[in-house]
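Here is a short report on a structure, written for a reader who is new to the subject. Please keep the sequence and the 3D view open while reading.

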Amino acid sequence: MLTESLQINSGHSSMIHDIKYDYYGDKLASCGSDGYINVYDVSKKQQVAQIKIRDSPLFSLSWSHPRFGNVIATSSYDGEISIFKEQKDWMKVASFQNEGSVNCVQFMPRELFLACGTSDGFVILLDNNKNWDVDYKWQAHESIIHGLCWNQDGSLLATCSADKLIKVWEFTNNNKPQLKYTIQSHLDVVKDVQFHPLENNILVSGGDDGKLRVHKLDDDVVDNQVIDFHMTIWRISFNMLGNLLTVNGESNGQNKIQTLKQENNFQYGPIDCN
Amino acid sequence: MLLKTTQGNMSVWSNLKSQSNLLVTAVNDQWGSQLQFNSFNLGQKNTSTSIIGTVTSKDAVSCLAWENFAPETYPMGLVAAGTTEGYVALYDANSAINQEEESCVSIIDQLYEGPVTAIEFNEFKPNLIALGGQDVLIADIVKDIQNPSVFGPGNPNLHEDSSITAVSWNKKILHILASASQNGLTGVWDLRNNKPIFSFQDSSAVSNKKVSLLWNPEIPTQIAVAYDDERAPELQIWDLRNPQGPSIVFSQVHRSGINSLSWCPNDHSLLLTGGRDGQVVCWNYKTQSVVSQEQLDFEIADLKWSKRVTSVYSISSVDGQTSIRSLPSGKEGYAPKWLKPPVGSAYAFDQLASFKENNSAIQTYQIGKSDPDNIFESFNAFCSVDAEQNRIQLEMEKQHDQQYTQYWKLINSVQKEDKKEYLATLGFSVQEITQQTENYTGKRHAKKDDQNKKKNQVPQRPAIDFATITDQDADSFFNDLTNQSLNKQQQTNTSRNQDVEIFQSEQVSKNTNWNVGVEKIIKDNLIVGNYEGAIDCALKCGRSAEALLLAYSQSKEIFEQTMNTFLTTQTDYFLKNVLKHIVLKHPDEIAKNYELNTWKECAAMVLNSDNTGQFHKIMEQVGDRFIAERKDEFNALQCYILAMNGEKCIKILVNHNNSLKELTEAIKLLIVIQEYSLSESDVFDRLFDGLILKFANYAIQHNQYLSAAYALNFSSPDCQRALELLDLLYKGNHKDRNIIQKIMEKPAFPFKYEQIKMGIVKQTQAQPVHAPNQPVSRPTRPAVNQHQHQEDHNVRQQVQQNPNSNAAAMNNPFGPNVAKVVDDPVPPPNRRQVQKPAPPVKTAPPPNQPKKQEPQNIQPPPFVQEPFRQEQQPQTVPPTQPPPKHHVAPPPPPPQPQQFQSNQQQTLPQQPFQQQQHQQQIAQQQQWQQEQQQQNNQQQILNQRAQQNAVQEIKQQTQQGKGVPPPPAPQRRGPPPPPKKQ
């Protein structure tokens, strides 16, 4: 089902930490420890931009919805959240300096509303409509926030942390985000959390305990499925409609990428390889 | 960063996954020592840990270790405490925490005369405990924890005449042990062979200094040593492969002796050292740099990374205070491993990209498309056919399950609007029946059929009430009845067949002698002029024809009354429930009463009665009966198809989409059904959109983007999700993009464009982020939508109207009031919700109508004028132009009800059932009725033509509108044209 296709020279001088396609899949952006964001044109197979952001590792990046043009947000180990827009060149539109490392950023789907998770357990929300001023900032976790994810309609934000917890925050009409679920199923650091791109109540997570967990959010949170990968799960990515799921992990210094396909009732199983 | 404080001269962390926030500290005082089990919660505000268990030792503790061991017996592992009195006590952590009386499980004594200075469990075999004191010892508790075997590492003793300060098990090779002694010597032991295999000595060796020692957890040949040496407070890393000297030396940071060392278990690049100078230094040995350096106000005695809580470590001071701290994060330079994803991936359509730590290239993967049972391929073929008729033909020729074949046949007949087709589909062959009739009656009926065909060109009259029956009409009817009874008597020379059964059940008197019996009474009545009596008698004795003849000769009222009596007194089911209603022209009564098993007869009969105008209504009623009485969706759906009722069809089909195949068949049917559906229905749209989205999702999941785009084209224009997906498929980078762009019109961008604002750069030096005079151009937009022009216009207007606020914004970009002034007139959009474009209206404006919009390329105020913020764009301006409806090609407009009716009346009067005897009468009736009313009808035809012309005009207008892009005329929906090229 998966066949290797072209390799893109990343142009990074050290580790890459995140890659994201834009909305239409034409451009791929990457960020890494060298403090650069590189943008590649996927069809032309060439790098089209190289943006120096910081002298510090960049852990995460997020494309905005195309109704705002090409906008990228990123965050760095030294605590800067910055937002860039492609005009003739990429131009910094706004930035915010946090005291500690900011590990993950994601735009709310369709909005210029950025959620960021920090190493000291805070979630920071930056809002274009407030000229990128902080909309809310609150202590969401006891420890490092490693990952966060909006659901598809922007009503829920899931965060996961080194405190082994996943929390789901609900947003209702400009009110302060309310804690809706606390999920305590992981035995160790939770590194990433992702909503199913179509289903508001399906949430997958993974972390240092090596387990991929598919949660069903209802009145209670039900563990829909648990798969043991015997590796530190770092990143989970869904495809466009959530029928494929790729788990990225590390075990004894070896990086592993495994892809699963959705079966019945949001269970995921191995794909047929050929 | 200080997190928590507690007491303790030294500490050790839990290695339990589930209890990683546990720390044991040893608090020494003059009376001995107390082991405290500290638990902490980083999120809580209090700064001290909570003590969840204590163990008292009568002697001061000099070293500590904690390891998981025999979890079934010791679920929280064993804490080993070496004492100043030369013995080791082993405690069950679980019973210590539960405050059970005896938590000490073993005392290993008679080890040393002096204190135990170093202790470490082997991680692979935690039954092996390495000990340091006067010399190196290993205690093995595997057989008997009370009486462990204790042995030395081998001979010769490298540390003769010196005492041990550190022991460390190799982290990769379980039988390798290292030890360090006060004389500065470090030795490595091979316990399998029980001998020293390596040693090195610090050249500036002085006695009585503490040497800390740890194996590199990653590279098993490397060992780190740190010296409590005021003159050379160094951290050295030795590699056994290079024994001449240390590979790496860190010096010049600590100002006094280093007396503790910890290798970070979660990032093996990092080492932590604590010194008598009160400094805590985090080193990255790989980059040979200092990651962080913290000056504390006390002398450090002990320091340990948490085993499982990343970035957290504990520090104990020489005066017995312990604190829990975290590595200061976010300083420039090295980011610890636990924050840096080494691997990741991203999806776009049929592509997956991924990166790995050891590869600077991003690998992309192509995801193949899948097409179970060629469902998508055949769907594409279906959609690529341009005309409805061809689509139907395509489906009819295909191998289907029987039910689908039947549906398509029915649709075909509906589409052709040909009664013969209807009848054939319903299972009646006109030819066959004609033949049978001719055989029976010996009379040719085909000619009649021809006549009817000619009459098909004439629009049929609406149903007329029986009360208006003319004499001629009744005469014809009566004649037929007579003929029928005559024919029956002449039937001797014709072969009997099953159709004749009806005749057999009639009660016709055989008595032809009018001078006896009832016949005489009838005759007598006639003679005396008592016609009503004669009629009653005739009816009663079964001489229905005579009764009706008589009644006809009298008056309309009497005839009607007689007929009613005749029909209601019939006990024959068919006569009572079918024939009666045909004669009385109450076809809906047929629908209510007809035996459902033979509903097709009913359908055919209604079709042939002159009430075809009600045909759809009646079929709908029959369908409803199937649902209500039998839950028979198969037959109900057939009725609804004939009824041309899209809403009822979809309500059934919507329940049959469990498999992709079923869903696809349903969508194909509905694509055609919606074209013929007589009424527009929001319910239909809503349900159909749901099915289309479901199908599109399936298609996209199988990477069949073309199929998804084809299907989405049939969605209603107010289905936002469909518009979004169509836009995504049209512009998205996937393998079907070229063909989709070739065969489809570019859909309008289904979102509202919005301008990003300039933010305030917080807490950093203000730096210009772009050249101030650089004009800001908008990104090229794939589709310019008029909505946006309107907004631009409004932005400009607003700027002009509010010059003051604009100036204020320039002067004081931080002022919150400014933002208010500008934002207030327009409520900010609820950012939680999608900004939906205004619902498109149905018709485009005439192309030559001057647009109200300003020229298209108005730029928003460039950033130059407003370095810090942009005007908020007005959100509430009602768009005068809707976003154009996505569309493939100008489809035929939806059937106009009026137009449809006129078509019907032109084509439906073909009546192939006339040959059957009972209907003959009615047919003839219809004929003369038609002739009679032809004159009236002409006026009607004129009216209809006028209506048709009007429709034509609208059509032309719409098409003209379509010809002028942008925007394409908003159309309801329709089939895409065939690919231009294949």
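## A helix in chain B

Helix 2 of chain B (residues 375–384) is largely enclosed by the rest of the structure, because seven of its ten residues are buried. Buried means under 20% relative accessible area, exposed means over 50%, and partly exposed lies in between (1.4 Å probe, protein chains only). Helices (H or I, at least four residues) and strands (E, at least two) are DSSP runs, numbered from the N terminus. The buried residues of helix 2 of chain B are Ile375(B), Phe376(B), Phe379(B), Asn380(B), Phe382(B), Cys383(B) and Ser384(B).

## How the model is read

This is a predicted model, in which local features need pLDDT of at least 70 and side-chain atom pairs count only at pLDDT 80 or more, while totals for chains, interfaces and linings use all residues. Residues are numbered from 1 along each chain as its sequence is written, chains are lettered from A and ligands numbered from 1 in the order in which they are written, and side-chain values use heavy atoms, leaving out hydrogens and water.

## Cysteines

How many disulfides does the structure hold over all chains? There are zero; a disulfide is counted when a pair of cysteine sulfur atoms lies within 2.5 Å.

The sulfur of Cys383(B) is too far for a bond, because the closest cysteine sulfur, in Cys719(B), is 16 Å away. Cys383(B) is also buried, at 0% relative accessibility. For Cys282(B), the closest cysteine sulfur is in Cys264(B), at 7.1 Å, again too far for a bond. Cys282(B) is buried too, with a relative accessible area of 0%.

## Nonpolar cores

A nonpolar core is a set of buried Ala, Val, Leu, Ile, Met, Phe, Trp, Tyr and Cys residues joined through side-chain atoms within 4.5 Å. The largest one has 79 residues, and those with the most contacts inside it include Trp599(B), Phe688(B) and Leu729(B). Apart from it lies another core, of 22 residues, including Leu272(B) and Tyr313(B).

## Chain A

Chain A has 25 strands and zero helices. Its radius of gyration is 18 Å, close to the 19 Å that the globule rule gives for 274 residues, so chain A is as compact as a globular protein of that length. The radius is taken over C-alpha atoms, and the rule is 2.2 Å times the number of residues to the power 0.38. Of the 274 residues of chain A, 68% count as buried.
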